[in-house]
Amino acid sequence: MKRFSNFLLLAAFGGAFLPAQAQSLQTTVDVCVYGGTSAGVMAAYSAKKLGKSVLLIEPGRRLGGLTSGGLGYTDIGNKYAISGLSLDFYRRLGKFYGTFEQWVFEPGVAEEHFRGYIQRGNVPVLFNQRLISVKKTGKRIGEIALEPSERTGQPLQSGRTVRAKIFIDATYEGDLMAKAGVSYTVGREANSQYGETYNGVQLLDKHQFPDGVDPYRIPGNPESGLLWGISDANLAPQGSGDKLVQTYNFRICLTSDPANRLEITRPADYDSTKYELLLRSLAVKPLPTMTGLLKFDYMPNQKTDINNYGAFSTDMIGANHDWPEASYARRAEIQKAHESYTKGLLYFIGHDPRMPEHHRREMLRWGYPKDEYGDTGNWSPQLYVREARRMVGEYVMTQANCEGREVVSDAVGMAAYTMDSHNCQRIVIEKDGKKMVKNEGDVQVGGFPPYPIAYRSLVPKAAECSNLLVPVCLSATHIAYGSIRMEPVFMVLAQSAAVAASLAIDKKTGVQDVDVKAIQKILRENPRLDGSTPDVVVDNDAPSGVTRTGEWTVQKSGGYGRSYWRTDGKAGETVKTVRFTPTLPKTGRYDLYAYVPRRPDATAQTTFIVHDGQKTQTVTLARDQIQVSGQTSGAWVKLGSFAFPAGQKSFAEITTEGANGAVVADAVQWVAR
């Protein structure tokens, strides 16, 4: 496997990556994007591709936010929802790793690819500058003022100001939005506010302590005080609202490669009492493997993306409630506390003699990778800010949107992930006359298909600000945001925001008055903003272009789009088929792909019939060729490259001929070469 290079590590790490004309303290551009997250990069690149002058401001030193900060095992939900430059990003990663699309990747590789967008688009970037104030004239932001985020040995100019026609807040915290006087909320709405059922206080059973874990320093003695990490708050009624924020953590990149591994050492401020609850939980409910303690997802080159899992894990529950509205200094303290807690947890698991030996032995196989985060001590500088401020804009996305009971017509993106909230607090409850510790706030409810996200949820109320777009801290309730808040979706919405910004500038209108149909047209006809031919996808749920013979069963989860079809292939049975007929925009050569969901009962071979308008070819693929490993769900499987005519003169057909197990028909894709 090839390693990533450093050719894109810009010399601007300590200050600005700016053309000479933009090095002054005052800068004026068409579009200013604040926040170099994955969304920020895509927004800035999109605006530049649309012919606008742009400045991207990143308070830190890295680009890509969480996508380059450890979340390499991509949370998608359903790949049907990912389009445009977001999809282009995962295909570029695929090219790097030798696949079509790559949804599992190393942090440094992701960062390099974000810098690739900046380089190809010639996008000016200002690093290590953070927002201190916003000046408005009426409903419009006129300029923002910046200050250096940190000293790095290079001179950083203070007193910078940036003027722009349109501003895009791409931060995880919504700092620009807040300073612009836009309405927002923090925490959980009561279910009664929007007619929801999964918002507010939720004491459920996922990532939960088993009954009987004693919360007191001296077991059974309330006078001894609570163990570290437990709140003394009382449990509020189920579904009631509060200002608590779902917990943060780090997505941890470790390696088991001895040549690339640094030892997990004891932190200077290590305190083993912070992990007493872990020991008590394991005493009540032992875990045979590390899987129930740390969620190990495996990256290329023997690396991990470790996430929280279980009752006591990498989530530092209750320690982040100040973060959304905190000062920069306070946020630095909170992040440092999370880093200390997490590094201490890893050390505790591997070295404390009270931990079960099999857990210690497994933990000691891992260490920090030498080739990741070299400028920050081989540890991610990006805290997983799952949720902070959320705008209250022209339209609020709710649980009803997630479940398809309310469908918007001004869609500029889609979401598909489970309504997901991590725990918000760790408290003491009484059950069967005994006091015990429980986590509160975790919700994981899915089972619904992809759904549209309103453009109105990206814009403030018209009376508050007319030249700001907010694709990350968008207008949604806590539980709806838990479904929307995925990195690929943020990139989709950021591109849409940039298209809207460009149209607002061209038409000299406020962002609320942009013609949404014009946004949709650009996204549909020029999804990569480079004039290339859009992909043609025919899904099994398409209103036309799909015909089938024989009996097929609808499967409503695990595929591409709303569903896929499944049938069994058995010797002697009449052959069953599903034919996908595209409407191709031009004659030419196309790469042809079929989407194949993961199924343990898949047939040993699947046969495809490809008709190019003149002749028919048969493509037969073995099970290990279509049940692709190393991906987060099903995958597009290449059938080959073919010359196809424009129009509806060709097709691809899936057949049960020669099958001895489950055959699936989901979607077929034509990608112009």
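This is a predicted model: local features need pLDDT of at least 70, side-chain atom pairs count only at pLDDT 80 or more; totals for chains, interfaces and linings use all residues.
The lining of the largest cavity divides into 11 nonpolar residues, two polar and one charged. The lining comprises 14 residues, and V596, T606, I626, V663 and V664 are the closest to the cavity centre. Three strands, β28 (588-596), β29 (605-611) and β33 (662-665), each give two or more residues to the lining. Across the whole structure, the search returned six cavities of 30 Å³ or more. In such a search, rolling a probe the size of a water molecule over the atoms shows where empty space is left.

Nonpolar packing was examined next. The largest nonpolar core contains 125 residues. L294, Y455, L469 and I484 have the most contacts inside this core. Helix α11 (residues 487-507) supplies the largest share, with 13 residues. Another core lies apart from the largest one and holds 30 residues. V546, Y564, Y590 and L592 are among the members of this other core.

The surroundings of L469 were then listed, leaving aside neighbours within four places in sequence. L469 touches a run of residues from I166 through F167 and I168 to D169. Contacts are also made with Y455, L458 and V459. A497, A500, A501 and V511 complete the list for L469. Of these partners, Y455 is itself listed with L469 among the residues with the most contacts inside the largest core.

Aromatic rings were treated as pairs. A pair of aromatic rings is described by the distance of the centres and the angle of the planes. The count comes to 31 aromatic pairs. In one of them, F642 and F644, the ring centres are 5.8 Å apart. The planes of F642 and F644 meet at 50 degrees, so the pair is tilted. That angle falls between the cut-offs of 30 degrees for stacked and 60 for edge-to-face. Both F642 and F644 are buried. Elsewhere, one aromatic cluster is formed by W228, Y270, Y275, F312, Y341, Y347 and F348.

The relative accessibility of G446 is 39%, so the residue counts as partly exposed. The value lies between the limits of 20% for buried and 50% for exposed. Along the chain, G446 and N78 are 368 residues apart.

Key:
Residues are numbered from 1 along each chain as its sequence is written. Side-chain values use heavy atoms; hydrogens and water are left out. Buried means under 20% relative accessible area, exposed over 50%, partly exposed in between (1.4 Å probe, protein chains only). A nonpolar core is a set of buried Ala, Val, Leu, Ile, Met, Phe, Trp, Tyr and Cys residues joined through side-chain atoms within 4.5 Å. Helices (H or I, at least four residues) and strands (E, at least two) are DSSP runs, numbered from the N terminus. Contact means heavy atoms within 4.5 Å. On a 1 Å grid over the protein atoms alone, a cavity is a set of points where a 1.4 Å probe fits but cannot get out, and a pocket is an open set with protein on both sides within 12 Å along at least five of seven lines; lining residues have an atom within 4 Å of a point. Grid points are joined across faces, edges and corners, and a volume is the space filled by probe spheres set on the points. Ala, Val, Leu, Ile, Met, Phe, Trp, Tyr, Cys and Pro count as nonpolar, Asp, Glu, Lys and Arg as charged, and the others, Gly among them, as polar. Rings of Phe, Tyr and Trp (its six-membered ring) pair if their centres lie within 6.5 Å; planes under 30 degrees apart count as stacked, over 60 as edge-to-face and the rest as tilted.
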